[in-house]
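Keep the sequence and the 3D view side by side as you read.

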Amino acid sequence: FKAPSLPTGKNAVRTAIPVARIADLLSRPGERIDYNGEEIVLPDTKLVYWCGGNPFHHHQDLNNLARVWQRPETIVVHEIWWTATARRADIVLPATSTLERNDLGASSSDRFLIAMKRIAPPFAEARDDHRIFADLADRLGVRAAFTEDLSEMGWLERLYETSRRSSASMGNVMPSFAEFWEAGYFEYPELETGIDSLAAFRDDPSGRPLSTPSGRIEVVSERIESFGYADCPGHPVWIEPREWLNGPGADRHPLHLISNQPRTRLHSQLDAVGPSRDSKIQGREPLRMHPEDAAARGLVAGAVVRVFNDRGACLAGLGLSEDVRPGVVQLSTGAWFDPIDPADPFLDSHGNPNVLTHDHGTSALSQGPAAHSCLVEVEAFDGPLPPITVAGPPALLSEAP
């Protein structure tokens, strides 16, 4: 089943980087980095256009990101809320929420295709992403080429028909778009057996090989070995983490930080409202610690603590749990970055663990984030509690001309 999705189109720019290397891109233009057997030249980036996402949530070492974020000449962001990224943009284009636009909800592994119908008009001057891009294309004289003369509902019908044809080729009959939109959803038949992605390979390893260089399941990769990466050989091996409890630095920062995905929100979405806000301790993200570690530091449950290392610090609300092993603390990701002093953002008031994590790629092969190699220390915070400001609009510095 092919889930409905907009065509990618052709990008005249061939340069691409691993998403976790954003700060390197902005701070080291012209440098070369290894990635997946190739070398990438980091381009000199003058403009950042960010649509869909919040790098000040998911990127590591946010104090470093805040510094290098000053290098581009212009930053444009589509946003619904005043996230930390929107607050650091030159131009914020207000976008609609999922409740203010029509859309399709589906994935190729889901049995349901959902008609996501708008239930409220766009607030104020908010526009959906397609309309924003269409209006920009109009200013560039290419509106018709971008929209292909289709409205919002016209595009949804075209995308639906693509899935409908794909489904029909496999013997599944979907209703017309009008019938689907009226019903609100379509349910695909449940498979009699689960999806087994290796069944064909097992039945015929030579005739139905895998996409690996050898066509087989590879425990040792000659191709990866040929790259010569010291931090990623072609076979399984234990490599000492950059930071861990048996390594240098553990004497000053003796707690291993685990920054997992939260249970009260999806990543950082809707952090300022509802269940996410209700889960906070004195307005800060909860930090879980073993009672023995808390007692050794004179800390009590419900107190606000300062979590810190050489990269940054954040305030968090302390919770005690024997489910966390001694020597480990757990702080979920997604609290919106809210430094006490935006001009000197070393201390975050809200509990964002990415002020503490280091921004080094996992290896030259993948260049992914390595957030879980992170050591910290925790102490009581005795000063006056700073307000949480990121839930509201930023201060207006001057009137627009």
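At the start of α5, which backbone nitrogen does a side-chain oxygen of Asp128 reach? The backbone nitrogen is that of His130, and the oxygen comes to within 3.1 Å of it.

## About the model

This is a predicted model, in which local features need pLDDT of at least 70, side-chain atom pairs count only at pLDDT 80 or more, and totals for chains, interfaces and linings use all residues. Residues are numbered from 1 along each chain as its sequence is written, and side-chain values use heavy atoms, with hydrogens and water left out.

## The whole chain

The protein chain has 12 helices and 15 strands; these are DSSP runs numbered from the N terminus, with helices (H or I) of at least four residues and strands (E) of at least two. Its C-alpha trace spans about 65 × 65 × 45 Å along the principal axes.

Of the 401 residues, 41% are buried. Here buried means under 20% relative accessible area, exposed means over 50%, and partly exposed lies in between (1.4 Å probe, protein chains only). The chain exposes about 22900 Å², with 53% of that supplied by carbon and sulfur atoms; areas come from the Shrake-Rupley method with a 1.4 Å probe, and for residues only the protein chains shown count as cover. Among contacts (heavy atoms within 4.5 Å) between residues at least 6 apart in sequence, 64% join residues at least 24 apart.

## Helix α5 and strand β3

Back to α5, which covers residues 129-139 and has Ile132, Ala134 and Ala137 buried. The buried residues of this helix pack against β3 (47-51), β4 (74-79), β5 (91-94) and α6 (143-147). Just after α5, Gly141 has a positive phi of about 80°.

Strands β3 and β4 run parallel and are joined by five bridges; strands pair if DSSP finds at least two bridges between them. Val48 has Ile75 of β4 as its bridge partner.

## Two loop residues with positive phi

Most residues other than glycine have a negative phi. Asn36, in the loop between β1 (32-35) and β2 (38-41), has a positive phi near 55°. Asp61, in the loop between α2 (55-58) and α3 (62-68), also has a positive phi, near 50°.

Buried or partly exposed: which describes Asn36? Asn36 counts as partly exposed because its relative accessible area is 42%, whereas Asp61 is buried at 13%.

Leu270 and Asp271 both sit in the loop between β9 (255-258) and α11 (274-278). Leu270 is partly exposed, at 48% relative accessibility. Together with Ile80, Trp81 and Val273, Leu270 forms a nonpolar surface patch with about 360 Å² of accessible area. Such a patch joins nonpolar side chains (Val, Leu, Ile, Met, Phe, Trp, Tyr) within 5 Å, from residues with over 30% relative accessible area and no salt bridge.

Asp271 is buried, at 2% relative accessibility. Setting aside residues up to four places away in sequence, Asp271 touches Arg265, Ser276, Arg277, Lys280, Gly334, Ala335, Trp336 and His350. With Lys280, Asp271 makes a side-chain to side-chain polar contact of 2.8 Å. A polar contact is a pair of N or O atoms within 3.5 Å; within protein, one must be able to donate a hydrogen and the other to accept it, and residues adjacent in sequence count only if both atoms are side-chain atoms.

Technical notes. Patches are made of residues with over 30% relative accessible area and no salt bridge: like charges are joined within 9 Å, nonpolar side chains (Val, Leu, Ile, Met, Phe, Trp, Tyr) within 5 Å. A salt bridge is a side-chain nitrogen of Lys or Arg within 4 Å of a carboxyl oxygen of Asp or Glu.
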